[in-house]
Amino acid sequence: MASRDSRSRLDQLDTEVSEVTSLLRNNVEKVMDRGERLDSLQERSEDLHANSVRFNNSSRHLKRKMCCKNVKMTICLIVIVVVVIAAITLIILLSVKPWNHDKPHGNSTVHSPSHRFTVGDSG
C-alpha cells in the first residue's frame with residue numbers, strides 16, 4: 001500500500017508539475033506576444049513622430065508661402081487702387097483744365113470783367 005500511496009503521490013506531483021509547466025509556457029508565450037506588440041507599438045510611435053515632424057515642417061513652409069501670397073495680393077490691390085485714383089484724378093483734371101484761366105470751366109458762372117470801375121467814375 002505504501003508503494004501505491006507513493007505512486008499516487010508521484011502521479012499527483014507529476015500532474016502538478018505538468019500544470020505548472022503548462023502555465024509557465026503560457027506565461028512565456030504571453031510575455032513574448034506582449035514584447036512583439038510593444039515592438040510594434042514602438043515602431044508605430046516612431047513612424048508617428050517622424051510624420052509629425054514632416055507635417056510640422058510642411059505646415060511651416062505652407063504658412064510662409066501663404067503669407068507671401070497674401071503680401072503679393074495686398075500689394076496688387078494697393079497698386080490697383082492707386083492706378084484707379086490716378087486715372088480718376090487725370091480724367092477730372094482733363095475735363096476741368098485748371099491750367100486754362102482764360103475760359104470758364106465747367107458750369108461755373110464766374111466771368112472775368114471786361115470793364116473796370118474806379119471810384120468816382122460814373123459809368
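A: The answer takes the cysteines, then the chain, then the surface patches. The model is predicted, with local features needing pLDDT of at least 70 and side-chain atom pairs counting only at pLDDT 80 or more, while totals for chains, interfaces and linings use all residues. Residues are numbered from 1 along each chain as its sequence is written, and side-chain values use heavy atoms, without hydrogens and water.

Searching the whole structure gives zero disulfides (pairs of cysteine sulfur atoms within 2.5 Å). Cys67 is in no disulfide, and its nearest cysteine sulfur, in Cys68, lies 5.9 Å away. For the sulfur of Cys68, the closest cysteine sulfur is that of Cys67, and 5.9 Å is too far for a bond. Cys67 is partly exposed, because its relative accessible area is 47% (buried is under 20%, exposed over 50%, partly exposed in between, with a 1.4 Å probe and protein chains only). Cys68 is also partly exposed, at 47% relative accessibility.

The chain has one helix and zero strands (DSSP runs numbered from the N terminus: H or I of at least four residues, E of at least two). Of its 123 residues, 0% count as buried. Its accessible surface (Shrake-Rupley, 1.4 Å probe) is about 12,000 Å², with 61% belonging to carbon and sulfur atoms.

Ile80, Val84, Ile88, Ile92 and Val96 make a nonpolar surface patch of about 420 Å² (residues with over 30% relative accessible area and no salt bridge, nonpolar side chains joined within 5 Å and like charges within 9 Å; a salt bridge puts a Lys or Arg side-chain nitrogen within 4 Å of an Asp or Glu carboxyl oxygen). Ile88 sits in helix H1, residues 2-96, and is partly exposed because its relative accessibility is 45%. A surface patch of negative charge gathers Glu29, Asp33, Glu36, Asp39, Glu43, Glu46 and Asp47 (Asp and Glu count as negative, placed at CG and CD). Glu43 belongs to helix H1.
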